[in-house]
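Reader: I would like to learn how to read contacts between aromatic rings. Could you take me through them step by step?

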Amino acid sequence: MGKGNKAVAKTVPQVRTSWKKAFKRDWQLYLLLIFPLTMVFLFNYAAYPGLRMVFMNYKVMKGYSGSDWVGMKNFVDLFTGTSSARFFMALRNSVVFNLLDLALGFPMPIILAVMLNELRFPKYKKVTQTILYLPHFLSWAVIGSIALTMFRTNTGLINMTLTSLGWIDQGIPFLTEKFHWAVTYLLIGVWQGMGWGSILYLAAITGISGDLYEAAMIDGANRWQRIWHITLPGIRPTIVTLLIMNLGRLMGSNLERLVALDNALVRDFQYQLAVYIYDYGFSGQHYSIGTAANLFQSLVGLAMVLIADRVAKALGETGLL
């Protein structure tokens, strides 16, 4: 039966549509793409010529034409200059917190997607999904205000509740002590992103044939066995692809998130690369060194993606590129 199907498939001619016919047929869709492509070009690619300031002692009043060309001096100053101690502290914090974010935040959308897929009440499932997606659409300014209301040491809702229940004698410094702040920072990030991150996994799960689940049920497989042997292997390519993409953000950091949860008492942990680039590069008007730090961050992220993609392919996965 299988060989016959293959033979039939080989005899079916492959019809290719020219780009002119495709454009004539779907010109409305191509027209709709003009605006988003223009925005991507302006904000992602049109700024690339400005990267030449990493090789200049760039001054705003002199512009590119009047600023002195200094070659690799900005990179040397970045790693060995007066601000190198601040840079390495920001680099260390970024790597550590991104690794923790990856360890805590990456599995949660997978677990959540599997749990949502197992729900058998459609209305409850839709309401749950809407509630879980909502935090993604909140700005970090709003999330920071909510966090301050919830986690304030003396008058925060959680500390007041725990104190009234007699579980603690004094308020827990969720936002004013660096180790407590680190846990709060990571958990808020997981809460904010896990609902939205589960969408791709739910889409991948819907692509798994229902016949596999029916056959497994006939063979006596329970729910956990079906999840382990069918659902998770079925979404493994999606997991690998998103893991590779997340590794590319290992050097990055979210300035809005850091500013929303900023506190002078936790600066040892809060000071990450995004804060360094903003404080030293933009506010301190060291534009060339700030751009050099940003370029270094991007190049390391690109290298991580390429290495992870190569490792994934070596292990038999499809990879990203």
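Reading the aromatic pairs

Author: Let us begin with a single side chain in this predicted model: Tyr64 counts as partly exposed, because its relative accessibility is 28%.

Reader: How is a pair of aromatic rings described?

Author: In general, a pair of aromatic rings is described by the distance of the centres and the angle of the planes. Across the whole structure, a search finds 24 aromatic pairs. In one of them, Tyr58 and Tyr64 are tilted, with 5.0 Å centre to centre and 40 degrees between the planes. Tyr58 counts as buried, because its relative accessibility is 15% and the cut-off for buried is under 20%.

Reader: Which arrangement do Phe79 and Phe296 form, and where in the chain does each of the two lie?

Author: Phe79 and Phe296 form an edge-to-face pair, with 85 degrees between the planes and 5.3 Å centre to centre. Phe79 belongs to helix 6 (residues 73-80) and Phe296 to helix 19 (residues 287-314), so that this pair links distant parts of the chain, 217 residues apart. Phe79 counts as partly exposed, since its relative accessibility is 29%.

Reader: Which residues do ring pairs link into a cluster with Phe79?

Author: Ring pairs link Phe79 into a cluster with Phe87, Phe88, Tyr271, Tyr276, Tyr280 and Phe296.

Reader: Which charged side chains lie over the face of a ring?

Author: Arg257 lies over the face of Tyr185, at 3.9 Å from the ring centre, and Lys178 lies over the face of Phe269, at 5.4 Å from the ring centre.

Conventions. Residues are numbered from 1 along each chain as its sequence is written. This is a predicted model: local features need pLDDT of at least 70, side-chain atom pairs count only at pLDDT 80 or more; totals for chains, interfaces and linings use all residues. Side-chain values use heavy atoms; hydrogens and water are left out. Rings of Phe, Tyr and Trp (its six-membered ring) pair if their centres lie within 6.5 Å; planes under 30 degrees apart count as stacked, over 60 as edge-to-face and the rest as tilted. Buried means under 20% relative accessible area, exposed over 50%, partly exposed in between (1.4 Å probe, protein chains only). Helices (H or I, at least four residues) and strands (E, at least two) are DSSP runs, numbered from the N terminus. A charge sits over a ring if NZ of Lys or CZ of Arg is within 6 Å of the ring centre and within 35 degrees of the ring normal.
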